[in-house]
Amino acid sequence: MTRTPDLRIRNPLLYPAELRAQLPCKIDLLTKSFVAFFTVRFYGWLVKQRKPKKTWAKTRLQNLLRHKSGRYYARAFAGGKEVWKSLKTSHFSVAESKLTTFLKEHRARRRNGNGEVSAKMTFGEAAAIHLRNLDDNLNIKARTRDYWREVLAALVKSWPTLSETEIRAISQAACKKWANAYAKTASPTRYNNTLAILRHVFNVAVEAGVIYSNPAAVVKRAALRSKRISLPTTAKFNAMIAEMREGHSRDSINCADLAAGLAFTGCRIGEAREIAWRDVDFDAGEIVVRGDADTGTKNWELRRVPLIRDAHGLFQRMRSERDRESLDAKVFRVGECQKSLNRACKKVGTDRITHHDLRHLFATRCIESGVDVPTVSRWLGHKDGGARAMKTYGHLRREHSIAQAQCVTFTPSQAVKQGIVIPFSTAASEAMSPAQ
């Protein structure tokens, strides 16, 4: 007011302050209304701009959908039920290729389905189908079928509600929970075989199209510990056979012959029981192992095992004592000798051994004598080319390898230095032509 006495200048400058002083309530109400109005409009517009994105987006392929995460999924229908499977890729070309494979498997499963299969199949129903498949498989021996039935019974006992549970309701987490509990009570071998039949039963549902993945596939097998093979020395073994032969039982000599025969041929006890005199070929120096008359050998194949010197002497002595027997007569007169073996081991002071340990003894002596592992594997009747024998007797092969390494040297031997030459005989030299 002191600087601008002119009212034409002062009044316009003071008007807003005077107005606010005169109308304070009206100004505050207008301001709040204005702010509230534009706030509502602004957030309404913002919400419209940020609509939630759809979870699934269609693609140009009928059975292929894209998740909001970018991953592609395959969708099909079976029995009025949707079947989903993640293709585990975000690339359309890869998803298209995997979709073709999925649809092919889906159609195959629908064709495999029959009247007894429904989407609500229980584990017990799938297990019954699996057991029927075992019975129809002629390549499986009766004892093997009985064993798998025992394992299945152990599985059901360890998982009480499993048989009545629908296959689709069994999750990977449930399988892992069972595995963690069962592994604490069962041996590694039993655990692995029980897990195997669990997977087999789930595979029945997979092939029928009830489920599209095996929930037990994520469960890991238990590590197997190698069995420590404690075998008698040659002196101890000979003492055992002598002790068995000198027993006071009427079958003492027969038990000793069976134990020696198992150790000299490497046959399984079931194979040794079936050896007849016509199977022993003294001229060719070999024995024909046929196995059981109905089921054959363990791998269904006849094999020929060469007679080592001890086996040749054993069979020749037994034949000379029973030369009037028919060729169809069995070589060994007893089917087992475990009790006699136990008594002899205790008497001699060595660890207890079984019939199958005598088979290990044969393989051990062969490898220690320098026979290569694949050859020993064929004599034992293995079909893996020696992988199993190498795993079981690998330590013997390494010892032999170390011993043979001592023969390798880059230093000229004394015989070479002195020029030692071993000449052929005169007859042999004349018989060999220059080309030879």
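Okay, let's start with F38. This phenylalanine is partly exposed, with a relative accessible area of 44%. It gets that label because 44% falls between the cut-offs of under 20% for buried and over 50% for exposed. Keep in mind that we're looking at a predicted model here.

So where does F38 sit? You'll find F38 in helix α2, which covers residues 24-49.

Next stop, the second largest pocket. How much space lies in there? About 450 Å³. There are 17 residues lining this pocket, and the closest to its centre are W84, K85, Q172, Y212 and S213. Which element gives the most to that lining? That's strand β4, residues 81-86, which puts in 5 residues.

Last one: D323. Look at the loop between α11, residues 309-321, and α12, residues 338-348, and you'll see D323 there. Buried or exposed? D323 is exposed, with a relative accessible area of 53%, because the cut-off for exposed is over 50%. Along the sequence, D323 and W277 are 46 residues apart, while in space their C-alpha atoms are 10.0 Å apart.

That's my tour, so over to you.

Technical notes
Residues numbered from 1 in each chain as written. Predicted model: local features only at pLDDT ≥ 70, side-chain atom pairs only at ≥ 80, totals over all residues. Heavy atoms only, no water. 1 Å grid on protein atoms, 1.4 Å probe; cavity = no way out; pocket = protein on both sides within 12 Å on 5 of 7 lines; lining within 4 Å. Points joined across faces, edges and corners; volume = space filled by probe spheres on them. Helix = DSSP H or I, 4+ residues; strand = E, 2+ residues; numbered from the N terminus. Buried < 20%, exposed > 50% of the residue type's maximum accessible area, 1.4 Å probe, protein only.
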